[in-house]
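Thanks for coming, everyone. I'll walk you through one structure today. Please have a look at it before I start.

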Amino acid sequence: MKKAILNTAMLAIALMTTATASAQRDMQLTISNIPNDKGQILVATKSGQWAKVKAEKGKIETTIKDVPDGKGTIYVFHDENGNGQLDEKDNIPMEYCAFGDYELSENNSKVDIELIYVPDKMKGHDRQADRPADNLLTPAYKSGPVPEIIQY
């Protein structure tokens, strides 16, 4: 009887583990509008995957391993001075950056994102010092909605 209960419990745990595990795949990421080949490109997903790639002027392609299927958000910036952080002045990013939503599936593992230089986007806009740059950080992700919250 104890053996039957133990076997049933083990089977239940195995089924729950299988049911909750999500598929993962490699994301094929293309990053464009890189202004020069100084420093590195830093990439992170909201689910915790990341990559560091040597910057090359123009466009690069890289692979992010083991990204869960489904919807997610990706953050990318050109760390031109190699200090490992997105430099800011008055809460405005001073390095090329982008973010965007994506959706990975068996039929879609490619994501394109274009870096922008936020100060250029702000020229001609009045901005209150304590407000985020509303609508100025429009990511160049080609086929997804813009996240509502800007996180620095």
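Let me begin with a term. Two strands count as paired if DSSP finds at least two bridges between them. Strand S1, residues 24–34, and strand S9, residues 110–114, pair in the parallel sense, over 5 bridges. Keep in mind that this is a predicted model.

Now the overview. The protein chain has 2 helices and 9 strands. Along the sequence the pattern reads α-β-β-β-β-β-β-β-β-β-α. The chain has 152 residues, and 34% of them are buried. Take the contacts with a separation of 6 or more: 62% of them come from residues 24 or more positions apart. The accessible surface is about 9,900 Å². Carbon and sulfur atoms hold 50% of that surface.

Back to S1. Strand S4, residues 58–68, also pairs with S1. That pairing is antiparallel and runs over 9 bridges. Look at Ile 31. Which residue is its bridge partner in S4? It is Ile 60. In S9, the partner of Ile 31 is Ile 113.

Next, strand S5, residues 70–79. Of its 10 residues, 7 are buried, so S5 is largely enclosed by the rest of the structure. Strand S2, residues 40–45, pairs with S5 in the antiparallel sense, over 6 bridges. Strand S8, residues 97–104, pairs with S5 as well, again antiparallel, over 8 bridges. Tyr 75 shows both pairings. Ala 44 has Tyr 75 as its bridge partner in S5. In S8, the partner of Tyr 75 is Phe 99.

On to the charged pairs. How many salt bridges does the structure hold? There are 2. One joins Asp 69 and Arg 25, with the closest N and O atoms 2.5 Å apart. Asp 69 sits in the loop between S4 and S5, and Arg 25 in strand S1, so this pair ties together parts that are 44 residues apart in sequence. Are these two residues buried or partly exposed? Asp 69 counts as partly exposed because its relative accessibility is 26%. Arg 25 is also partly exposed, at 22%.

Then there is Asp 26 with Lys 65. Here the closest N and O atoms are 3.4 Å apart. Again, the pair links distant parts of the chain: Asp 26 in S1 and Lys 65 in S4, 39 residues apart. Asp 26 is partly exposed, at 27% relative accessible area. Lys 65 has 52% relative accessibility, and the cut-off for exposed is over 50%. So Lys 65 counts as exposed.

Now the inside. In soluble globular proteins, nonpolar side chains tend to be buried together. The largest nonpolar core here has 20 residues. Those with the most contacts inside this core include Met 27, Leu 29, Ile 31 and Val 76. Which strands supply at least two residues each? They are S1, S2, strand S3 (50–54), S4, S5, S8 and S9. S1 gives the most, with 4 residues.

Zoom in on Met 27. Leaving aside residues up to four places away in sequence, Met 27 touches Thr 62, Ile 64, Ile 74, Tyr 102 and Val 111, among others. There is also a second, separate core, with 7 residues. Phe 77, Ile 92, Cys 97 and Ile 116 are among them.

One thing to take away: follow S1.

How values were computed
Residues are numbered from 1 along each chain as its sequence is written. This is a predicted model: local features need pLDDT of at least 70, side-chain atom pairs count only at pLDDT 80 or more; totals for chains, interfaces and linings use all residues. Side-chain values use heavy atoms; hydrogens and water are left out. Buried means under 20% relative accessible area, exposed over 50%, partly exposed in between (1.4 Å probe, protein chains only). A salt bridge is a side-chain nitrogen of Lys or Arg within 4 Å of a carboxyl oxygen of Asp or Glu. A nonpolar core is a set of buried Ala, Val, Leu, Ile, Met, Phe, Trp, Tyr and Cys residues joined through side-chain atoms within 4.5 Å. Contact means heavy atoms within 4.5 Å. Accessible areas come from the Shrake-Rupley method with a 1.4 Å probe; for residues, only the protein chains shown count as cover.
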